[in-house]
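Please open the model in your viewer and keep the selection panel at hand. The tour moves from one selection to the next and says what is found at each stop.

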Amino acid sequence: MGSDGRDCRKIWHPLRWPVDLDATLREQGVCALPVKIVDISLTGCRVATGYRTRVGAWARLGIANFTPFKATIVDSDLHHAKLQFDQPLYPSVMRHIVALGSPQRKVG
């Protein structure tokens, strides 16, 4: 229990949620290309790209019917890029995105 009497195990959330969600990534000066979001947090995400992106470049991440999210590319290799959102996601938006890309929802 916390010092205020609350059970911390009931309010704890993971920092990143695993998802499997198609999206588009528009990197600074490049056309929008398809990517797959593999995990997401309130402040950023990791996407499977299949190509190297430019660290430090601004980007726009398109997810479903949301307005594209502004972000900065903070890490990249030949297969993935890590993005930091310019503004943290609202918790309700985060829950909606996680529900859209929940691996348990996939039927196949």
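Begin with the largest nonpolar core, which has 24 residues, and select I37, I40 and L61, the residues with the most contacts inside it; a nonpolar core here is a set of buried Ala, Val, Leu, Ile, Met, Phe, Trp, Tyr and Cys residues joined through side-chain atoms within 4.5 Å. Two or more residues of this core come from each of β1 (17-27), β2 (32-40), β3 (44-48), β4 (58-62), β5, β6 and α2 (91-100), where helices (H or I, at least four residues) and strands (E, at least two) are DSSP runs numbered from the N terminus. In soluble globular proteins, nonpolar side chains tend to be buried together.

This is a predicted model, in which local features need pLDDT of at least 70 and side-chain atom pairs count only at pLDDT 80 or more, while totals for chains, interfaces and linings use all residues. Residues are numbered from 1 along each chain as its sequence is written, and side-chain values use heavy atoms, with hydrogens and water left out.

Next, keep I37 selected and display its surroundings: leaving aside neighbours within four places in sequence, I37 is in contact (heavy atoms within 4.5 Å) with V19, D20, L21, A23, C45, R46, V47, L61 and I63.

Move on to D39, which is found in strand β2 and counts as buried at 10% relative accessibility; buried means under 20% relative accessible area, exposed over 50%, and partly exposed in between (1.4 Å probe, protein chains only). The side chains of D39 and R16 are joined by a polar contact of 3.1 Å, that is, a pair of N or O atoms within 3.5 Å of which, within protein, one must be able to donate a hydrogen and the other to accept it, and residues adjacent in sequence count only if both atoms are side-chain atoms.

Now select F66, F69 and F85, which ring pairs link into a cluster. Rings of Phe, Tyr and Trp (its six-membered ring) pair if their centres lie within 6.5 Å, with planes under 30 degrees apart counted as stacked, over 60 as edge-to-face and the rest as tilted; the count by this rule is 2 aromatic pairs. F66 and F69 form a tilted pair, 5.7 Å centre to centre with 45° between the planes. The centres of F69 and F85 lie 5.9 Å apart and their planes are at 45°, so this pair is tilted. Because F69 lies in strand β5 (residues 69-76) and F85 in strand β6 (residues 80-85), the pair ties together parts that are 16 residues apart in sequence. F69 and F85 are buried, whereas F66, at 24% relative accessibility, is partly exposed.
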